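Please read the following report alongside the sequence and the model.

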Amino acid sequence: MWAPDIYEGSPTPVTAFLSIAPKISISANISRVSIYGALAAMAQTKVKRLLAHSSIGHVGYIRTGFSCGTIEGIQSLLIGIFIYALMTIDAFAIVLALRQTRVKYIADLGALAKTNPISAITFSITMFSYAGIPPLAGFCSKFYLFFAALGCGAYFLAPVGVVTSVIGRWAAGRLPRVSKFWVPKAVLRAPDT
């Protein structure tokens, strides 16, 4: 509410600075948060740490909607928060259900498809949604957030979001690959002769 008064009463160079600097700062911070979450998630070997870094990246995506300051931005933010909350509840519910088998590391998910196929399928769908694979809810959320960013003129945020989403796709996609296709070495045995 105070912005019009400040703009009116300030010298033009100050007004120009006040109108540009916060937007640049917000764009830089959002891109830094998203990039940090995506790159840090690639190096993780523990399931919960991977989910934590993924949530850091998702905060960056959701802040993209907030930074727009438009109705579309706020709508995309609310949709993004709702979808993210559902995906997170599902992911941690599965991790909680697997605690009896002491799943801590990503490698511990090996052969989950053979031991608990329902959990493996549910976890895979959830992680593919986290990664933003179409037509899942995570893709729709990110698409709406990036579309709102383009609509409000945040042309820098949308490509940064897409790039970090692709990086995050690799990290989040590791969990379904491991849980379905990787067989732990302890299960492999030499044939009896």
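The report begins with the basis of the values and then takes up each topic in turn.

This is a predicted model, in which local features need pLDDT of at least 70 and side-chain atom pairs count only at pLDDT 80 or more, while totals for chains, interfaces and linings use all residues. Residues are numbered from 1 along each chain as its sequence is written, and side-chain values use heavy atoms, with hydrogens and water left out.

**Aromatic pairs**

Rings of Phe, Tyr and Trp (its six-membered ring) pair if their centres lie within 6.5 Å, and planes under 30 degrees apart count as stacked, over 60 as edge-to-face and the rest as tilted.

| Pair | Centre to centre | Angle between planes | Class |
|---|---|---|---|
| Tyr-84 and Tyr-130 | 6.2 Å | 90 degrees | edge-to-face |
| Phe-139 and Phe-143 | 6.0 Å | 25 degrees | stacked |

Tyr-84 belongs to helix H4 (residues 71–97) and Tyr-130 to helix H6 (residues 117–131), so their pair ties together parts that are 46 residues apart in sequence. Helices (H or I, at least four residues) and strands (E, at least two) are DSSP runs, numbered from the N terminus. Both Tyr-84 and Tyr-130 are buried, where buried means under 20% relative accessible area, exposed over 50%, and partly exposed in between (1.4 Å probe, protein chains only).

Phe-139 and Phe-143, by contrast, both lie in helix H7 (residues 137–151), 4 residues apart, or about one turn of the helix. Phe-139 is partly exposed at 30% relative accessible area, and Phe-143 is also partly exposed, at 49%. Together with Phe-147, these two residues form one aromatic cluster.

**Nonpolar surface patch**

Ile-6, Tyr-7, Val-14, Phe-17 and Leu-18 make a nonpolar surface patch of about 410 Å². Helix H1 (3–9) and helix H2 (12–42) are the elements that each give two or more residues to this patch, with H2 supplying the largest share, 3 residues. Such patches are made of residues with over 30% relative accessible area and no salt bridge, with like charges joined within 9 Å and nonpolar side chains (Val, Leu, Ile, Met, Phe, Trp, Tyr) within 5 Å. A salt bridge is a side-chain nitrogen of Lys or Arg within 4 Å of a carboxyl oxygen of Asp or Glu. Leu-18, found in helix H2, is partly exposed, with a relative accessible area of 31%.

**Annotated spans**

An unreviewed UniProt entry places the feature "transmembrane region" at residues 77–98, 118–137 and 143–167; such annotations may be inferred rather than shown by experiment. Residues 118–137 are 75% helix and 0% strand, with end C-alpha atoms 19 Å apart, whereas residues 143–167 are 80% helix and 0% strand, with end C-alpha atoms 16 Å apart.

Conventions: Accessible areas come from the Shrake-Rupley method with a 1.4 Å probe; for residues, only the protein chains shown count as cover.
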